[in-house]
Structures are given as structure tokens and as C-alpha cells.
Amino acid sequence: MIQELKTHPGAVLLAVLLIALPFQSQALIPPEYVIHEAKEGAFPLVAAGQAAIVQVSPEDQPGVLRAANDFRQDVERVTGVMPALHDTDEPIAADHIVIVGTLGHNPLIERMINDGTLNVDPIRGKWEAFLHQVVDDPIPGIRRALVVVGNDRRGTMYGLYTLSEEMGVSPWYWWADVPVKHQDEIHVVPTRRVDAPTVQYRGIFLNDEAPALTGWVHEKFGNYNHEFYQHVFELILRLRGNFLWPAMWSNAFWDDDPLNGPTAHEYGIVMSTSHHEPMNRAHQEWYRYGKGGEWDYSKNPEGLQEFWREGIRKTKDWETITTLAMRGDGDRAMSEETNVALLEKIVADQRAIISEELKRPLEEVPQVWALYKEVQIYYEHGMRVPDDVILLWCDDNWGNIRRLPTDEERKRPGGAGVYYHFDYVGGPRSYKWINTVPLPKIWEQMHLAWQYDANRIWVVNVGDLKPMEVPIDFFLTYAWNPERWPHEKLGEYQTQWAARTFTEDHASEIADLIAGYTRLNGRRKPEQIDPGVFSILHYREDETVLAEWDNLAQRAQEIYDSIAPEYRDAFFQLVLYPVRASAIITELSITAARNNLYAVQGRASTNSLFDHAVKLFEADREWARRYNEDLAGGKWSHIMDQANLGYTYWQQPQREFMPAVKRVHTPQAAEMGVSIEGDPWSWPTHNINYPKPKLPALDVYSQGTRWVDVFNRGANPFTFKAEASVPWVTVSPAEGEVEEETRIEVGVDWTKAPLGASEQTLTITGSDGTRVQVTVPVSNPESPRPESLAGYIESNGTIAIEAAQFQRTFTNSDIQWQVIEGLGRTLSGVTPFPVTSPAQIPSVDSTRLEYDFHVFKPGTIKVEMHFSPTLDFQPGEGRRYAVAINDELPQITPLQTMDNMQNWEKAVSDGVRVVTTTHEVTQAGPQTLRYWMVDPGVVLQRIVIDTGGLKPSYLGPQASPLFQAKAE
């Protein structure tokens, strides 16, 4: 049944904000299992200065024994009390004991199971599942036991690390210097808990790791050896991950240190090689041991087979996922002559080697085929691998998933996964420096993966690992249990994360700062913010963007200055540096753009902007120096060595350089100049053919102001007066002294302005004798009056509407519209759920949104729909939507984000795919835009209606006013 819901946009936003209120828990896994004061029935892990004994069987797996020691150290980190370790299978008399073990590996646990005091059926045989249970009188001599049991070794480890996190030890205690808050006591509530992951393999890819991570590793560890990797492995486990693609630019995990493999196995980390490195061998090993042969199977099959066989042989005793097939040498595309038959033969021969070396059924050996870049095309052209092989679908390197399993592909026993990116080296421009991915973006794409059953492997390119701490944490948390974190709880997640990492009293503000800077960086990667990206002429875009960054920077600095000293290093790394440094990049770009324009206008302030640009350029280096040298006694030296300025094409520059800026010669004598909003020219001008200055119109509907800059072309100051031709045109300031420049705001007192359209004059007179007259168009129609209007009102030839601020929604019981707060360049995203819904034919009864707007003349209008740059992740017609004005037939329109390279590069650079349709409005007055779902997975962020006045800018016009007609 179709339901019509009349929803005021403010109500939508209020609902989202209410959903995002903080959850009062230090852990990210509710309810609260660990508390810090005694409670009836709770198990005293530490009480009155005494810690419960930790028992673990010496016959359990090495990773479990190691994790048990980590757990003991974590208890000491929190309380200062180290629990004793009982590492025998004999019972020990104790009032309170923590019994840790894996099913089949701890006789005490098996005894409880056989006696009926412990039921492990919910976890038995379930991948990486664990159980927490407080058991009274479990074994003679033991009064109470906290049992931490896993179905397998990682399940047991996750059971321990989950408790560590909940009692106050952040997974980032080492990697981000997050302090551990002291607590006198630790108690575990007696609630039985069972947990297990949704995604089977959950991990990260250390990639693009030079110069930053590599410089740090070489200084601190000498090489990418087991001493380095044990820190990575522990982090992955504490985040409940289990999988790693290791650093590979100039490195070879298995070859760089013979202890790397055994250490990974001891920790329980599943190792693999990246998308282009088959058969458990790093590509660097080919350069080292390839004997000069070609990386071409059609020419060198014997050499490649020998090379691959050694990879399987070397790693046969460890838990791995073997990458199959091959790309071109050095992660390049295969040659154009490559054919499907050859690739299928490569896979067949690789599998034969695996079978011969491991002597196990191939179905029992995890294997993966990464459908990266051109490899996906081979698949679409008919290449297939056996059904037991995992299909690893990939994003476009910019966080937009290219393909997900069809209904038929979901039947494959090998299943599917996703290779995702927080970092990338390649076109349209590399982005390696800082975190630029908002959590709502990650959520929306990985929610698609979950819903389309791509749940065997989730692996994400994290670059240098730092500074991607926040998105890594969320990615692995979401992979563990996507159902726990629907989009309505993203705000709660971020607040909980901030509370766990810092303190409750700052949690909400810190969460907002992180969400804020990632949203602004997500609009456009900092590496792509060239001068001129943000308009300095239209819609006050430069002012708005700078104000947003300045707000974040001031708030972040205030917290840094006030937070307890022990938190400052962590806060610098996770919040202050990314906010302040990103703000500098944006301000430098806008400063350079203004400098170049002002030089043409002859402003004396050109030179001040030149100096300011230099200061910003140096400030960028100073902030990086502070990160590299001052934090934790120089612990993170080189981590901020990555270039973030000076990009001219996709690759990073050899050396950072600042954007081009100019200086001008200025005479000593004062010389007044005037420039106006929306026009790059300035007056007086020597070009007698250039029109006289005319401001964009002021209208009664938007009731804003327009700016006029009075500036100096000389060194000596001057005074000015600005006088309007009528008293109801307001001018502020109306006079003053100008050293370099003064901005005048021109408005209208609408309570006194006469009805009708007119052109008034603003006369600006300088003490140097210069006089400039600016035309001020004013629109105050007799009809319609603002109080009679409803909907979004046209102003200066445009209407801009945030997608979440619709007037009506039409849904049915199967498909509902969802507002994903924070998913968008300016506000939010709107998308239909479930994302697996079948395609819809637009009709009067199908799922749609409606937006009311008002235009003042009939004619042709253009409707820009701003979408998230979603790709055609299912075969068929692609991702489509439909739009109509009033009662016209819906125009079914494809997004075509990746239809060609130009479309895709612009969409991923801009953070939106803009699709434009043309419509005829037959009469002035109220109109309705109707937007239909056609295909799922399409996320609408914004609508811009161009009635003839749209100006160039990055974000588009500011949101139009929404009028509500007054009842008579």
C-alpha cells in the first residue's frame, strides 16, 4: 500500500540528530559488560588491590598464550595490578579465576562442558566465535570463574581483547599513544555473551608506504621485519581483524625477514599477497630471484611456475589465502593481446601447483582472484575460475565499489569479497597524505557489500596505516558486525569511539570535529585543492569554506589546550593535526587564488596575500615537523614526510612547492579601486568598453546582502564614503579609512522599500578624488509576496535544495527512503532501502520524493541532480533515477559515472556525479519536482535548478529559502 508522509525537513534532521545522541559506554560493543565498581553478581577481575588469577593451558595455541599475557598486561595498565598466570592444566584453589581457552585445547573448559556447567553449543563450529560467562562453582576448589572460550584460536583471542577494550585499553594505545585511564577496580557483569564475526576475513593492506611509513620503519626497526609486524598484528587482533596484505612497494614479507611468517602464524594473522602478487610471493621477489626472465606467461611459463611453486612451498605450514592469476609486471595492466584462455590456463596451472605442493583438496585451500581494474573486464568477457575461489571485487580506488555479486554469483561456494581504498597512487590524482574518507561514505559502500553477500574478505588499502586510524577502526568494527551499526547509529559510534579514546566530557565535541574534517576533506582530496577550485566571486563560496575550516580549527585547538596533558599526543595525531593541517591547505589555495585575482585588479593587498601564502606554506611544514619530532619523544619520525602540496598531475611532486603567487609594484600615493561580487573586473578601469559595475540583484525573497570591496592600489591610506541613492538601501560601513581594503555589505530595508523592480545607485567617493558608481538592482514585486509563497524560492536565477529537505515522500511497505546524515558534500544523502530492491518503473504509485519550488517566469529550466559517485555495481541497465516537473512524464536517466574516463575523473574528484536534465515550465508560480527511485544504491545529495542564472562554483548556490505560506 502506498503511503504519503508529509515530512517537514526540519523534522527529518531532528530525528537524525536525536538518533545520534551519545551512548554512555566506553566500549563499542554494548551493553556495558565491564564496570569499575562492585555490583551484585559481577565478577571481580580486580578488587581491593587483588587480581583474579588467569589460567591458560600450556597446550593451547601459541597465539592464545600470547594474548593471555597481553590481557594480563592490560589489566595492569588499567589498575597497576598484574594478575598471576596459572599455565597448567591442573585445577587451582581460588575464589576467583579467569579461565581462558580454545575448544579442545583446555582440559578445565572441557571438564566444565562435560559436567554441564558450561554450554558452548552457540559457538561450537562457528568461525572465530567466543563466549564470556561467569560460572559459579565450576570445578571443586574454585568458587567463581570468568570463562573466556573461543571456538578457535582467534575466537579466544578476540574474547580477551574485547574485555581489554571494554576495561579501558584502546586498540590504539601503541599506534596512536592513547593513554589508559587508571581505575582501581575492574568487574565483569554476569551476563552471558556470545559473539562472532559476519565477514570471514577482515583486514588491511599496507600500500603506497614510501616515503612516510618506510622512513619511519627504517629508522625505528631497520626494515619491515617481525619486530615491526608484531605491532601491526596486535593492532589487527585488537580491532578484531585477522588478515593482512603486507607492505610491498620495495618489500617482500616472506623474504625480508625469515621470522615474519612464523610471527604472523603465532599471532594468528592470515597472510596473503596483494591483488597483483600471485602464489604467496611478493613481486619484489621476482626482481630478486626471477633470473632475468620475463613476467609473461606466454613466453616464460616454466620460470614463472618455478617461482610460484617456491612461494607455496615456503608458506605451506602457515595460514594463508593464495592470490591467483596475474597482472602485468609491477602492477600494470596485462598487454592488449592477453586473452581469456591464457588467463584461465594460468589459474589452472597455479591450482595444479597448489595441489601438488599441499596435497590437500583444493576446496580446502583458501584462494582469491582479485578483479582489479582491467581484470574485471576479463571476467565480464567470460573468464571464469573454479567456484571454490573467492571473487574479490574492487572499488575504483576512490571508494566506489565497481561490482558486487549477482543472485547467481552468490551461489558460488567460494563467495566474494571487496578490496577497498582509503589511499591510492594513481589518477586523477594520488591521495596518500591524510584521512579523507567520511565514515558515512564507508558505511554506505560497505553496507552494499554486506547486503550483496560480498562477505568472505574485506580488505582496505590504508597506505601508511597512520593517519588512517579512525576509518580503519570503523571498517573493521563494521566488518565484525554490520547489523550492530545501522546508519542511524553512526553518530553514536563516533561519540563512543571518542569517549573510549579520550574522555566522556569531550566525546561529543571530538566526534563532531572528526566528522567535520573528514566531510570537508571528502568534498575534494587536499591534493586536488588547487587555486580556483572554490569560487572567490560567486555564492561567497570561499568565505563559507574558510569559515567552516576556521570553526573546526579553533574548536580543535581549544580542546587541545584544555585537555589533560596525557591525552595531547593522541589528540594531536587523531584530531588536531588533520584539522589544522587540512585547514592550512585549503586556506593556502584560496589565498593564492585571491592573490592572483587581486594582482590583476592592482590591489596593494596582493603583496600581503603573497606574504600570507608564504607563511601558510611554512606553517604546513611546521605542523608536519611537530608531528615527526615532538610527539612521544620523536616516536613518529617520518610519518608526516608525505608530500601534500605541489601536485601538477596524478603523481606526487619530487619536492613540495607552493601554488603560484604574485607581487605587484604599488605607488606611494593612495589610489582607490572598487570590485564587486560576481565580477572579476575592478573600477576605475582603463578599458572603456567594459560595462559599469552592477551587483547581482537584491530580492525580497532571499533578503541577503551583496558585497563591494573598496581597496587601495597605493601605499598611503585614504578615506571613503559610500552613499546610496535612496535611504532604504543599506550600506555598512558607509565610510572609513582604507589601508588595503574594506568590504561593504549592501542590503535593503524591506520594511521601507517600495514595491516593484528598480535599479538604485551606490556612489563610492575616495579622498584621492576617485568616484565609482555601482548599480544596485532591487526586486520587490507587488505579487507574489513572500508570505503567500510555499516551497523553495528562486533567487537570481537559481534554486538549491538539499536532498534530505523534501516536502513529501511516497513509499510502499517494501521500499523506504532513508536519510544518511553526513553523506554528502553539504549535508546528507537520501537513498532507497533495502539496497537489494528490484528496479522500479516510475509511476504515480511508485517510490518517490517531492520538492516544491517557485519560479517567476515560464521557460526552459535545467535540473542538476548531485549524486554520490555510485558505480554500476550490478550488470544490466546501470544505476538510474527518474525526474519530472509537475505532471510531465518522468525522464529515466542513467548516472553513467564510469561511462567514460572524463565522467569518472570529474565525479571522483568533485565527490559528486552531476547529471543534468532539461524541462519546460509552462507558467510562472508554484512547481513540484518529483524524484523517483528506479535502481537501488543511488544516493541523492543535492538538487540545483537553473532558471538561467547559475554561476560557476564548486559546491553550487547556497541553499534556497524554504517558504511556508501563511494560512488566511
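Analyst: Start with the contacts. Of those in the chain with a separation of 6 or more, 77% join residues 24 or more positions apart. A contact here means heavy atoms within 4.5 Å. This is a predicted model, where local features need pLDDT of at least 70, side-chain atom pairs count only at pLDDT 80 or more, and totals for chains, interfaces and linings use all residues. Residues are numbered from 1 along each chain as its sequence is written, and side-chain values use heavy atoms, with hydrogens and water left out.

The chain has 20 helices and 41 strands. These are DSSP runs numbered from the N terminus: helices are H or I of at least four residues, strands are E of at least two. Along the principal axes, the C-alpha atoms fill a box of roughly 100 × 70 × 65 Å. Of the 968 residues, 62% count as buried. Buried means under 20% relative accessible area, exposed means over 50%, and partly exposed lies in between (1.4 Å probe, protein chains only).

Next, the inside itself. The largest nonpolar core holds 186 residues. Such a core is a set of buried Ala, Val, Leu, Ile, Met, Phe, Trp, Tyr and Cys residues joined through side-chain atoms within 4.5 Å. Helix 18, residues 568-601, gives this core its largest share, 18 residues. Ile204 and Phe228 touch the most other members.

Look at Ile204 closely. Leave aside residues up to four places away in sequence. The partners of Ile204 then include Val232, Ile236, Phe243, Leu244 and Trp245. Also among them are Val459, Val460, Val462, Leu465, Ile472 and Leu476.

For contrast, move to Gln668. Gln668 sits in the loop between helix 19 (605-630) and strand 20 (672-676). Gln668 counts as exposed because its relative accessibility is 55%. Gln668 still has partners: setting aside residues up to four places away in sequence, it touches Gly714, Ala715 and Asn716. Lys692 is 24 residues from Gln668 along the chain, and their C-alpha atoms are 27 Å apart.

Now the backbone. Most residues other than glycine have a negative phi, and most peptide bonds are trans.

Take phi. Glu128 is not a glycine, yet its phi is positive, about 60°. Glu128 lies in the loop between helix 3 (107-115) and strand 8 (130-139). Glu128 counts as buried because its relative accessibility is 0%. Arg540 also has a positive phi, near 50°, and is a residue other than glycine. Its loop runs between helix 16 (504-523) and helix 17 (541-562). With a relative accessible area of 16%, Arg540 is buried.

Then the peptide bonds. Gly427 and Pro428 are joined by a cis bond, with omega about 0°. Pro428 is in the loop between strand 18 (416-421) and helix 13 (439-451). A cis bond also joins Phe833 and Pro834, with omega about -5°. Find Pro834 in the loop between strand 33 (828-833) and strand 34 (848-855).
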